[in-house]
Amino acid sequence: MTKVKLSASEWKRIKGFLRTRSDVYIGKPRECKRFVEGVLWVARSGAQWRLLPGSYGEWNSVFKRFDRWAEKGVWRAMMEHFAEDADM
């Protein structure tokens with residue numbers, strides 16, 4: 001599967017949403033964007049986490065962060081937040 005890249009406007013909106021969450025560590029925006037793109041790559045490809053290309057980061061680190069966000073309800077809240085926006 002090809003690399004997943006968020007557009008500047010998509011990332012701006014996602015980053016804006018994430019900044020409303022006090023329980024989310026964004027860190028360096030560039031690294032956080034790479035993490036979100038890695039999660040999208042796994043979701044779109046249906047591949048195992050171990051097959052995540054290294055350009056998205058070390059697969060286990062990406063998975064652990066994904067899992068922490070899932071436990072906090074970040075992904076669900078993000079999906080609900082953007083549900084009415086067809087472009088997202």
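**Helix packing and salt bridges**

K33 and E37 both belong to helix α2 and lie four residues apart, about one turn of the helix. Helices here are DSSP runs (H or I, at least four residues), numbered from the N terminus. The model is a predicted one, in which local features need pLDDT of at least 70 and side-chain atom pairs count only at pLDDT 80 or more, while totals for chains, interfaces and linings use all residues. Residues are numbered from 1 along each chain as its sequence is written, and side-chain values use heavy atoms, with hydrogens and water left out.

K33 and E37 are joined by a salt bridge, their closest N and O atoms being 3.8 Å apart. The term denotes a side-chain nitrogen of Lys or Arg within 4 Å of a carboxyl oxygen of Asp or Glu; by this rule there are four salt bridges. E37 has a relative accessible area of 4% and is therefore buried (buried means under 20% relative accessible area, exposed over 50%, and partly exposed in between, with a 1.4 Å probe and protein chains only).

Another salt bridge links D23 to R21, with the closest N and O atoms 2.8 Å apart. Here D23 is partly exposed, at 28% relative accessibility, whereas R21, at 18%, is buried.

Helix α1 (residues 8–19) and helix α2 (residues 29–45) pack at about 105°, their axes 11 Å apart. Axes are lines fitted to C-alpha atoms, for helices over the stretch in contact, and angles run from 0 to 180 degrees between N-to-C directions. The two helices are therefore roughly perpendicular (65 to 115 degrees; under 35 is roughly parallel, over 145 roughly antiparallel, and the rest oblique). W11, K15, L18 and R19 of α1 make the contact with P29, C32, K33 and V36 of α2, where contact means heavy atoms within 4.5 Å.

Helix α1 packs against helix α4 (residues 74–82) too, at an angle of about 125° and with axes 11 Å apart. This angle makes α1 oblique to α4. On the α1 side, R13, I14, F17 and L18 meet V74, A77, M78, H81 and F82 of α4.
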